[in-house]
Amino acid sequence: MSEEEARDRARRAVEIALAAGASDAEARIVLARRFNAQARGERITKLDASDGRSLSMRLFLDGRKATLAGTHWSDEEIRAGVSSALEQARCVGVDPYAGLPDPCSLPDRRLDLYDKAIEKRNDDERLDDVRNVERSIRAADARIDNSNGSSYHDACVTMALANSRGALGSYRGTQAALSASPVASEGAYRRTAHYGDASRFLARLDTPNAVAREAVRRTVAFCGASKPPTQTTAIVFDREVAAGLLADLFAACNAANVAVGNSWLAGRIGERIGSDLLEIHDDGTIPGALGSSPFDDEGVPTQRTTVFERGTLRSFLFDTYYARRLGARSTGNASGGGIGPNTFFLAPGKQTPEALVAATARGILVMETIGFATEHASGLYSRGARGIMIRDGELAESIEEFTIAAPFPEILAGIDAVANDLKFDGSIAAPSFRVAEMQVSGSQSAS
Amino acid sequence: MANDPLTARGAQRILDRALRDGGLYADVFCERRSTVQMRSQEGAIHEAGLSQNLGAGVRVVVGESAGYAYTEDLTEERLIEAAGRAAAIARLTAEGSARATRLESLERARDALYDRTRTENAAPAHLAALLERAESAARASESRIVAVNAHVVDEVQELWIARSDGSFRFDRRPMVTLGVQCIARAGRERGTGYCADGGRTSVGFFESTTPEQLAREAARIAAVNLDARPAPAGEFETLIGAGGGGVLLHEAVGHGLEGDFNRRGVSLYSGRVGERVASDCVTIYDDGNLPEERGSAAFDDEGTTCGHTILVERGILRGYLHDELNARLMGMRSTGNGRRQSFRHLPQPRMCNTYMPPGDVPLDEMIASVRDGIFAKSFAGGQVDIGKGDFVFMIAEGYRIERGRLGAAVKNATIVGNGPDAMTKVTAVGNDARLARRHYTCGKGGQYVPVGVGMPTLKISAMSLGGTERE
């Protein structure tokens with residue numbers, strides 16, 4: 001199905017919904033051609049090539065909202081689905097804020113989202129890439145004696161959207177990703193780490209060799225690691241871990257959480273919360289970035305929103321519904337029926353991550369965290385971690401099986417250095433940064 | 001009832017095409033899934049959603065390699081095309097060939113594990129009533145509750161699995177979940193509580209386990225967490241609560257015993273069957289045959305009958321959890337643990353319901369035996385590193401224990417440990433074994449599947465607690 005046909009189908013779905021009694025309707029079609037391959041040793045162990053499709057609709061019935069999603073999309077199937085969904089809508093409470101965005105024309109911006117080279121790739125080229133990652137991890141370090149498999153993925157995605165207020169638009173995007181998961185044996189233990197890169201453009205994707213080397217570095221770094229004593233110390237968040245922490249912060253900035261009190265940031269707009277170095281934006285307009293798109297999932301043009309400016313909370317991130325409910329404007333963050341990031345990122349500093357470590361007298365470089373349930377209501381951050389001790393600005397012994405914890409406001413206020421290694425390799429991105437002091441829990445402390 | 005979208009005759013042609021270029025084994029997984037979801041917020045039904053998915057995936061297996069392709073267009077032409085794409089793996093890896101055995105006629109599951117007569121989703125009005133009851137009970141039970149978010153999901157999944165060894169099976173699996181989240185607030189302090197239940201059953205389940213019970217439990221936990229003190233940092237004697245504490249078994253042991261990791265030799269449990277991996281009071285099972293549990297099924301997502309597998313018996317490692325591919329490569333039989341999220345995914349070896357039978361120590365005796373420790377009553381989730389065995393879980397409700405008495409609640413914190421290390425430090429097993437409330441979902445390799453856990457209270461002599469207070 002072409003982009004044009006997808007738009008027609010979306011428009012047709014809206015017509016059917018209106019004819020079935022909906023007072024307003026929106027239809028979104030996603031077509032995706034995906035390719036996934038995994039190699040392990042000399043073999044290709046997984047090969048998955050599929051053309052997928054989905055139709056998602058939002059139906060409004062006099063202030064009541066229902067959604068319909070699925071793989072069905074003949075006129076008859078849409079009609080049947082709409083009729084069931086409208087029956088459900090009758091059980092929903094009337095909500096004065098529910099509805100489509102105010103009419104606006106969908107921008108036809110050139111954001112550089114599509115790479116013809118990915119569309120034209122043949123299977124041999126793709127399989128060569130993944131085989132090369134797998135070979136390179138074994139060549140990179142003698143301690144690598146096994147692999148959980150290296151992967152290559154690419155996708156060509158078409159998104160089309162139509163609604164009953166006249167919006168009609170579509171765009172296409174590509175992405176490609178390479179990752180590795182090397183294994184080093186150390187007695188009874190297997191050391192593993194996972195590292196990958198992703199980009200909208202093949203030419204900007206890390207080479208198989210670069211991905212392999214970084215994955216191996218992250219694997220062997222922990223050979224011989226020990227459990228550190230319980231202590232309070234400076235924490236340097238490696239950029240991969242920093243992005244994970246930012247994902248938690250995003251949840252607290254998500255207006256859907258703010259509206260129901262499930263965010264420690266609720267009611268704090270205009271308050272100074274972080275240090276001067278806390279500068280966070282959400283931007284859907286960065287050319288070529290994975291998180292960019294001309295309009296969000298309900299057809300609101302994307303924009304650049306400043307969330308934190310020099311430590312002060314400036315804005316939450318909204319879709320149309322929560323913007324109306326909280327008396328704000330949509331920031332173009334509607335995503336798959338909820339609110340999601342475009343590119344939510346921490347602004348970079350000037351020094352390299354190496355210089356940042358060198359400027360740290362004592363602390364821990366955290367390279368991996370494990371665990372996920374931050375309490376967004378209370379804002380308490382607590383994670384299992386792995387990293388490397390920093391002594392007098394030098395990386396010393398590697399450590400593991402400890403936790404790092406602090407209330408989120410203390411983490412943000414404690415940011416006292418930010419590095420320059422920001423890379424837009426996902427919809428949440430951050431450079432490495434340092435927090436002056438956090439609680440580390442490990443073995444019984446000697447002190 | 002709607003027609004079968006996959007017939008024996010059609011499936012036969014797809015399997016024949018799948019194996020035409022080589023390959024040892026092929027299967028077709030066809031799935032129809034209808035899900036109704038409803039959410040309440042601020043005392044009103046906020047939104048309702050219907051999701052209807054129908055599609056099929058074709059897999060070709062050669063040695064340790066699998067080719068896959070799926071389609072949402074179930075015309076024979078598209079399915080044959082998908083079979084051709086899946087067969088590409090055989091053209092890459094010329095290792096043996098097989099022919100598809102003639103398919104048996106469709107075998108419909110008939111056991112008593114769960115009710116298969118329900119073909120339709122629950123009525124929207126019924127779901128809305130459950131949410132309204134939960135919402136008002138939560139607010140009535142605790143004055144400091146400032147927000148209640150409840151959701152209910154009702155699902156019917158139908159699946160048809162045709163395999164090149166001639167098996168052709170059908171099942172219809174129901175699932176229902178009602179969850180309540182409460183947020184309590186006093187000044188700037190907030191506390192969250194969550195409680196959910198359900199299983200492979202229908203909304204009738206909530207006549208005995210009522211929305212009011214779940215709501216009051218969520219409100220109680222929210223209030224406990226609002227009043228909780230910051231957790232300490234350091235190593236402590238730890239009691240892990242019965243039921244939901246079973247997340248410990250799932251993370252600390254279960255994942256490390258999944259067949260794919262062990263076949264590749266990347267788990268720290270690889271090659272250790274017959275060895276001691278836990279103290280002798282530890283016995284762990286995985287079972288896909290527990291009535292109405294989330295991880296239960298007549299047969300797994302490869303069409304293999306679900307088993308009862310002894311993982312650890314009195315501290316000795318007894319076996320792994322297998323799907324067909326990894327079992328064959330290790331010269332074993334599938335334990336019926338081949339599971340997948342949907343027709344868009346390849347199967348992986350996964351846990352079903354993982355649990356530990358009771359010991360003989362009463363809970364009050366266990367508490368009395370702790371001088372300075374933590375009672376981690378329930379968890380919000382966990383994660384594990386397979387190679388090293390390090391795991392974490394997040395406490396959803398926890399307390400200090402001081403001089404044998406239960407003390408103040410501690411704020412949500414992470415506990416970190418190492419699988420074999422923690423399991424050899426199990427020093428007492430409670431007499432209070434039970435299965436957890438049914439709401440757990442497990443993620444692996446980007447795929448999410450429902451699971452069950454269960455456990456008696458366990459005492460572990462030392463675990464690291466990731467609090468913020470230095471004592």
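Predicted model: local features only at pLDDT ≥ 70, side-chain atom pairs only at ≥ 80, totals over all residues.
Figure 1. The buried residues in α4(B) are P124(B), L127(B), A128(B), L130(B), L131(B), A134(B), E135(B), A137(B) and A138(B).

**Figure 2. A look into the largest nonpolar core.** This core counts 290 residues, and L59(A), V60(B) and V180(B) are the ones touching the most other members. Strand β5 of chain B (residues 145–163) puts in the largest share, with 10 residues. As background, nonpolar side chains in soluble globular proteins tend to be buried together.

**Figure 3. Zooming in on V60(B).** Leaving aside residues up to four places away in sequence, V60(B) touches A18(B), L19(B), G23(B), A26(B), A66(B), G67(B), A86(B), A87(B), I89(B) and A90(B). V60(B) is also one of the residues with the most contacts to other members of the largest nonpolar core.

**Figure 4. Where chain A meets chain B.** The contact draws 64 residues from chain A and 70 residues from chain B. Which elements of chain A supply at least two residues each? They are β2 (43–61), β3 (64–70), α2 (75–89), β8 (189–192), β18 (380–391), β19 (394–407) and β22 (433–441). β2(A) gives the most, 10 residues. Sorted by class, the chain A side comes out as 24 nonpolar, 28 polar and 12 charged residues.

**Figure 5. Strand pairing across the two chains.** Here β2(A) pairs with β3(B), residues 65–71, in the parallel sense over three bridges. For K46(A), the bridge partner in β3(B) is A66(B). That alanine, A66(B), also turns up among the residues that V60(B) touches.

**Figure 6. Chain A by the numbers.** Chain A has 10 helices and 22 strands. Its C-alpha trace spans about 70 × 55 × 35 Å along the principal axes. Among the contacts in chain A with a separation of 6 or more, 72% come from residues 24 or more positions apart.

Definitions and conventions: Residues numbered from 1 in each chain as written. Chains lettered and ligands numbered in written order. Core = buried A, V, L, I, M, F, W, Y, C linked by C-beta atoms within 7 Å. Buried ≥ 20, exposed ≤ 12 C-beta atoms within 10 Å, placed from the backbone. Helix = DSSP H or I, 4+ residues; strand = E, 2+ residues; numbered from the N terminus. Contact = placed C-beta atoms within 7 Å. Nonpolar A, V, L, I, M, F, W, Y, C, P; charged D, E, K, R; others polar. Pairing = 2+ DSSP bridges.
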